[in-house]
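Visitor: Hi! I have a model open and would like to walk through it with you. Could you take my questions as they come?
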Amino acid sequence: MSKYCSDCEYLKEKDKKCDGIYKCSKNKKYVNAHMPCCDKFSWSYSRSNEDKDKLYELGAKKEKEIPDISIGYIIGWGLILIVLVIASLFGV
């Protein structure tokens, strides 16, 4: 059985950035409830399976909304665009 942040007791539903993104009290950062668990994982016995599934689904929905674009990808395309603009200005 896979373990996700939605199953962990350290995921704090009340401290959230938005639906699907919640504060992890152990790692001290916001995480997606859909993420696979970390090495600090501890089962949440107080949260019902329905609540865990709801958190998991909200995290999955949020993950689809946020594109996974790395900073290197953005910088690379930015440099290509700058080179093309400079080349067009100088008629190369």
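Visitor: Let's start with Tyr22: is it buried or exposed?
Guide: Tyr22 is buried, with a relative accessible area of 3%. Buried means under 20% relative accessible area, exposed means over 50%, and partly exposed is in between (1.4 Å probe, protein chains only). Before we go on, this is a predicted model: local features need pLDDT of at least 70 and side-chain atom pairs count only at pLDDT 80 or more, while totals for chains, interfaces and linings use all residues. Residues are numbered from 1 along each chain as its sequence is written, and side-chain values use heavy atoms, with hydrogens and water left out.

Visitor: Good to know. Where does Tyr22 sit, and what does it touch?
Guide: Tyr22 is in strand E2. Helices (H or I, at least four residues) and strands (E, at least two) are DSSP runs, numbered from the N terminus. Not counting residues up to four places away in sequence, Tyr22 touches a list of residues including Leu11, Tyr30, Val31, Ala33, Leu55 and Leu58. Contact here means heavy atoms within 4.5 Å.

Visitor: Which backbone atom lies 3.2 Å from a polar atom of the Tyr22 side chain?
Guide: That is the backbone nitrogen of Gly20. A polar contact is a pair of N or O atoms within 3.5 Å; within protein, one must be able to donate a hydrogen and the other to accept it, and residues adjacent in sequence count only if both atoms are side-chain atoms.

Visitor: And the largest nonpolar core, which residues are in there?
Guide: It has 10 residues: Cys5, Cys8, Tyr10, Leu11, Tyr22, Cys24, Val31, Ala33, Phe41 and Leu55. A nonpolar core is a set of buried Ala, Val, Leu, Ile, Met, Phe, Trp, Tyr and Cys residues joined through side-chain atoms within 4.5 Å. Take Val31 from that set: leaving aside neighbours within four places in sequence, Val31 is in contact with Cys5, Leu11, Gly20, Ile21, Tyr22 and Cys24.

Visitor: On to Asn32. What does its side chain reach?
Guide: The side chain of Asn32 reaches the backbone oxygen of Gly59 at 3.1 Å. A polar atom of that side chain also lies 2.8 Å from the backbone nitrogen of His34. Asn32 lies in strand E3 (residues 29-32) and counts as buried, because its relative accessibility is 10%.

Visitor: What about Tyr30?
Guide: Tyr30 lies in strand E3 too, and is partly exposed, with a relative accessible area of 33%. Its side chain makes a polar contact with the side chain of Asp15 at 2.9 Å. Lys23 lies over the face of Tyr30, at 5.2 Å from the ring centre. For a charge to sit over a ring, NZ of Lys or CZ of Arg must be within 6 Å of the ring centre and within 35 degrees of the ring normal.

Visitor: Nice. How many aromatic pairs does a search of the whole structure find?
Guide: Three. In one of them, the rings of Tyr4 and Tyr56 have their centres 4.9 Å apart and their planes at 65°, so the pair is edge-to-face. This pair links distant parts of the chain, with Tyr4 in the segment before strand E1 (11-18) and Tyr56 in helix H1 (residues 49-65), 52 residues apart. Rings of Phe, Tyr and Trp (its six-membered ring) pair if their centres lie within 6.5 Å; planes under 30 degrees apart count as stacked, over 60 as edge-to-face and the rest as tilted. Tyr4 is partly exposed, at 23%, and Tyr56 is partly exposed at 23% as well.

Visitor: Last one: what is Lys28 doing with its phi?
Guide: Phi of Lys28 is near 60°, a positive value in a residue other than glycine. Lys28 is found in the loop between strand E2 (21-24) and E3, and is exposed, with a relative accessible area of 63%.
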